[in-house]
Amino acid sequence: MNGTAVVVGASVAGVRTAQALRREGWRGRLVLVSDEHHTPYDRPPLSKQLLTGAWDAARAGLLDEAAARESGIELILGAAAERLDPAGREVHLVGGSVLPYEIVVLATGAAARPSPWRPASGLHVLRTLGDVTALRRDLERPGPVVVVGGGFIGAEVASAARALGREVTVVDPLPVPMGRAMGDAIGRLFTGLHHRHGVATAFGVGVEDVTGEAGALDVRLGDGRSLPAATVVVGIGAVPNDGWLRGSGLPVDDGVLCDEHGRVPGHDGVYAVGDVARWHHPGRGGRVRVEHWTNAVEQAACVAHTAVHPGSPRAHAPVEYVWSDQYDWKAHIVGRPASAPTHRMIGDPGGTPARFAALCSDDGSRLTGAVVVNWPRAMLRARRMTAAGTGFAAAVEELSSTVVAARA
Ligand SMILES: Cc1cc2nc3c(=O)[nH]c(=O)nc-3n(C[C@H](O)[C@H](O)[C@H](O)COP(=O)(O)OP(=O)(O)OC[C@H]3O[C@@H](n4cnc5c(N)ncnc54)[C@H](O)[C@@H]3O)c2cc1C
């Protein structure tokens, strides 16, 4: 493999793919392109340590110039790819530069879903280092904060804003926003967590409009209520950065469509990875797009292996996994607990601190997912047992005996 590999997008999926390409034996030129001006950084700390101020931006770094040089990675920053020509095997950058390639890996991720409301100022989304800097500046201003969207990012922003002493209300049209990821029964425990930390919730009601300006915003709800806010944060999901591929002939539909190895069918040498990839998941019998850090890391390893060793491609068929830090809860979600009708609670969600594992089963016979809080060993076991398809009763038994052993 002596040609040029171009990786477009330099966050966790792009960086990990570039590093893995070298490890797998890519000896040719290796170019990593980013439309951001910062050296590559990680996003999970944006809504956690960077928002509270516990970390500075450098701690979220993924790859600096020296490490890139050492790995033989050419880092091109502040240069958006604007067009892909898969027949001519070229990536065209804004400004006119052209990068010919033998393989190209599309790792352009996702962007925050834009806010439908446009007050003069004071409204934020959270996806980039620039976003967190601007939001943190506004959170220093006294006055209430309204968070629109009670999913992971909204919940983490609420938690960080409380840590900064702000009065917070979270609004979401769903009655139990966390239920989307973990089912309503477990999701309600997270609603209780917000309330215990002094957060007000307006769930089951949507936002009609946000007007005003920073320091004096008005959030009008669907039920006629009006919430005053100094700052509004909108966390209503993400959309894949696939618009630049329009016209390339690649199959794009809510992400780049690819097979279980990350290969884009019909386009030799083109791969997709991370939040932008909608790949065929062998275990799920269809295509999925997953917006979680661990998925990007694991898929990067598979794609790099497949690209360097096309004769022995490696399939990406993970058990989903995501973590979230909210107040004093370190939550881990394994598999797809939201759809599971059977749950079994082990440990104590009401303890101080809480420590529990809610084990879940789609069919009542196998462990298919779990929500684990403040219990790292149980999380590791739950991930292992879910991947192995361990029987539900055996999984309950194994974790229950851990609790008993810990008490003895
Ligand atoms: C605030 C926040 C907190 C999160 N917390 C967690 C968490 O606790 N746990 C968890 O599992 N996951 C978390 N995630 C999700 C996780 O960060 C993402 O799944 C991960 O970042 C995906 O990586 P990626 O490289 O595929 O995409 P991205 O991180 O979106 O990176 C894509 C990169 O490509 C660049 N790019 C886009 N278009 C172009 C172009 N045309 N040319 C060049 N470059 C381009 C982008 O600017 C970006 O730098 C969080 C995400 C956010 C935003």
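Biologist: Which residues come nearest to the ligand?

Modeller: Of the 36 residues around the ligand, the nearest are Gly 9, Ser 11, Ala 13, Gly 109 and Gly 274. A residue counts as near if its C-beta atom, placed from the backbone, lies within 6 Å of the molecule. This is a predicted model: local features need pLDDT of at least 70, side-chain atom pairs count only at pLDDT 80 or more, and totals for chains, interfaces and linings use all residues. Residues are numbered from 1 along each chain as its sequence is written.

Biologist: Which elements give two or more residues to the shell around the ligand?

Modeller: Helix H1 (12-24), helix H8 (293-308) and strand S22 (321-326) do. Helices (H or I, at least four residues) and strands (E, at least two) are DSSP runs, numbered from the N terminus.

Biologist: Why does the ligand lie between domain 1 and domain 2?

Modeller: Domain bounds come from an automatic or database domain assignment. Domain 1 (5-111 + 239-308) and domain 2 (114-236) both give residues to the shell, so the ligand lies between them.

Biologist: How do strands of a sheet pair?

Modeller: They pair through backbone hydrogen bonds, either parallel or antiparallel. Here, two strands pair if DSSP finds at least two bridges between them.

Biologist: How many bridges join S5 to S6?

Modeller: Three bridges join strand S5 (residues 90-93) to S6. Val 91 stands opposite Leu 99 in S6.
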